Every structure is written in structure tokens, then in C-alpha cells.
Amino acid sequence: MPADPSPRGSGETPLRRAADASRRAAPSPKSRGSGTSAVEVRRSSRRRRTVSAYREGDRTVVLIPARMSEAEEQRWVTVMLDKLAAQESKRMLGDSDLAERAERLSGQFLEGRARPASVRWVTNQNTRWGSCTPAEGSIRLSHRLQGMPEYVIDYVLLHELAHLLVPGHGPRFWRLLESYPRTERARGYLEGVVAADRLPHLPAARSE
């Protein structure tokens, strides 16, 4: 399903976009949690303000206005990749999916040393993203992570896996996470979510 921040984009189809777009390959940002996906940016002179994206086989197509600068292009590619990832993660990873991801992450970043006995979603963690009980080998992730980009979920899961090896948050613990390439970006994303939750809710605008 295309991700489009503007309601104007809902009337367009991928085929029509492809027909009126000029195509240009763009280097892919760093790989997502589920693997590396090539990114193709297509500029269109007919497109004035809207930006949209969709998956096409093993690549991601991002559609932008032709007049957009290189800096704006890079920013919007990142934004749209996150939007697509959030949509895809809403397909509800089950507990068995989390267990598989935990095994993969442990093997990739922790030499397979972290082996949880159980990994599951819980709905009673509203003040933290995840928790771990090393004595039981159990890991629990907050349901609030569902719908967030996969690299964020992977970071929280890897964080809890590291706690199976090191209980506290000392230098030894953080060294275990150094090899995960999206640690800082994931932490920034979560900090942004927390900050947004603290903002006062503005009244809805009245229709004239």
C-alpha cells in the first residue's frame, strides 16, 4: 500500500505515477531491520507538492516533485521509508515472529550468546518499551511498539537481549549494542515519541 502524507496522492495509482515520472536511481539509505532494499527516486514535473512511496518487487520507489532539492530528496526518502516500515509492521508481528527476530539479532550482533526462553508482547508496560528477567530468560515488549518501524522494534529487542548477558547499563552493556547500526536513530525515534506524548493536545480546528 502506498504511503502518502498528502490526501491528494490518494487519487493516483503507481502505474500512472510511473508513466509520468522521470526515473533516476538513488543510493539506498542504510539497511532496515529486515534487510537491504534498493531505493529508486522518480521525479515528476506534474507532481507539485505530494510525495509518495510504494514497494515494487525487491525495491522501494519514492515519487517526488521534479523541483525538489537534493537535501529535500534525502529527507523525504528517509521519511517515506519509515512510513512504509510502520505500515508493514502494523501487520502485527506475533510472539513467534518476535522469537525468530530475537534469534536472528542474537546471532548477528551478540554471537548467538543471548538465548531467551520466551519473547512476547505485553499490554501492561506503559512507562517502558521493553523488559527482561535474566533469571527466567524472558523478554517482554510493550504493545506500544507495534506500528513503529522495524529497526526501532529490533533495537528494543536487541537492548533486552543484551540484558540477558549484562544486567545493568554500564559501559560493558553499551558495547554490546555498538555493532547495531541504527542504535542512535532508534533511540532518537523513541525519544521523539515520548516528547510528542507530553505535548498538550490542541483543540480540533473548526470547519468554516
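Visitor: What percentage of the residues of the protein chain count as buried?
Guide: This is a predicted model, where local features need pLDDT of at least 70, side-chain atom pairs count only at pLDDT 80 or more, and totals for chains, interfaces and linings use all residues. Residues are numbered from 1 along each chain as its sequence is written, and side-chain values use heavy atoms, with hydrogens and water left out. Buried means under 20% relative accessible area, exposed over 50%, and partly exposed in between, using a 1.4 Å probe and protein chains only. Of the 208 residues of the protein chain, the buried share is 43%.

Visitor: How many helices and strands does the protein chain have?
Guide: Helices (H or I, at least four residues) and strands (E, at least two) are DSSP runs, numbered from the N terminus. Along the sequence they follow the pattern α-β-β-β-β-α-α-β-β-β-α-α-α. The count for the protein chain is six helices and seven strands.

Visitor: Which elements do the buried residues of H3 pack against?
Guide: The buried residues of H3 are Leu98, Arg101, Ala102, Leu105, Ser106 and Phe109. They cover an arc of only 135 degrees around the axis, so they sit on the same side of H3; the arc is that of the directions from the helix axis to the C-beta atoms. The face turned away from that buried side carries the exposed residues Ser96, Glu100, Glu103 and Gln108. Counting as contact any heavy atoms within 4.5 Å, the buried residues of H3 pack against E5, strand E7 (138-142), H4 and helix H5 (171-176).

Visitor: How many of the 16 residues of H4 are buried?
Guide: H4 is largely enclosed by the rest of the structure, because its buried residues number 15 of the 16.

Visitor: Which helix do the buried residues of H6 pack against?
Guide: In H6, the buried residues are Thr183, Ala186 and Leu190. Seen down the axis, they fall within an arc of 75 degrees, so they line one face of the helix. The face turned away from the buried side carries the exposed residues Glu184 and Glu191. The buried residues of H6 pack against helix H4 (150-165).

Visitor: What is the volume of the largest pocket?
Guide: On a 1 Å grid over the protein atoms alone, a pocket is an open set of points where a 1.4 Å probe fits, with protein on both sides within 12 Å along at least five of seven lines; lining residues have an atom within 4 Å of a point. The lining of the largest pocket includes Trp129, Tyr155, His159, Trp174, Arg187 and Leu190, and H4 and H6 each supply at least two residues of it. Grid points are joined across faces, edges and corners, and a volume is the space filled by probe spheres set on the points. For the largest pocket, that volume is about 240 Å³.

Visitor: Which side chain makes a polar contact with the side chain of Glu40?
Guide: Glu40 is found in strand E2 (residues 38-44), and at 9% relative accessibility Glu40 counts as buried. A polar contact is a pair of N or O atoms within 3.5 Å; within protein, one must be able to donate a hydrogen and the other to accept it, and residues adjacent in sequence count only if both atoms are side-chain atoms. At 2.4 Å, the partner of Glu40 is the side chain of Arg59.

Visitor: How far apart in space are Val62 and Val39, C-alpha to C-alpha?
Guide: Val62 is found in strand E4 (residues 59-65) and counts as buried at 0% relative accessibility. Not counting residues up to four places away in sequence, Val62 touches several residues, including Val39, Glu40 and Met80. Val62 and Val39 are 23 residues apart in sequence, and their C-alpha distance is 7.3 Å.
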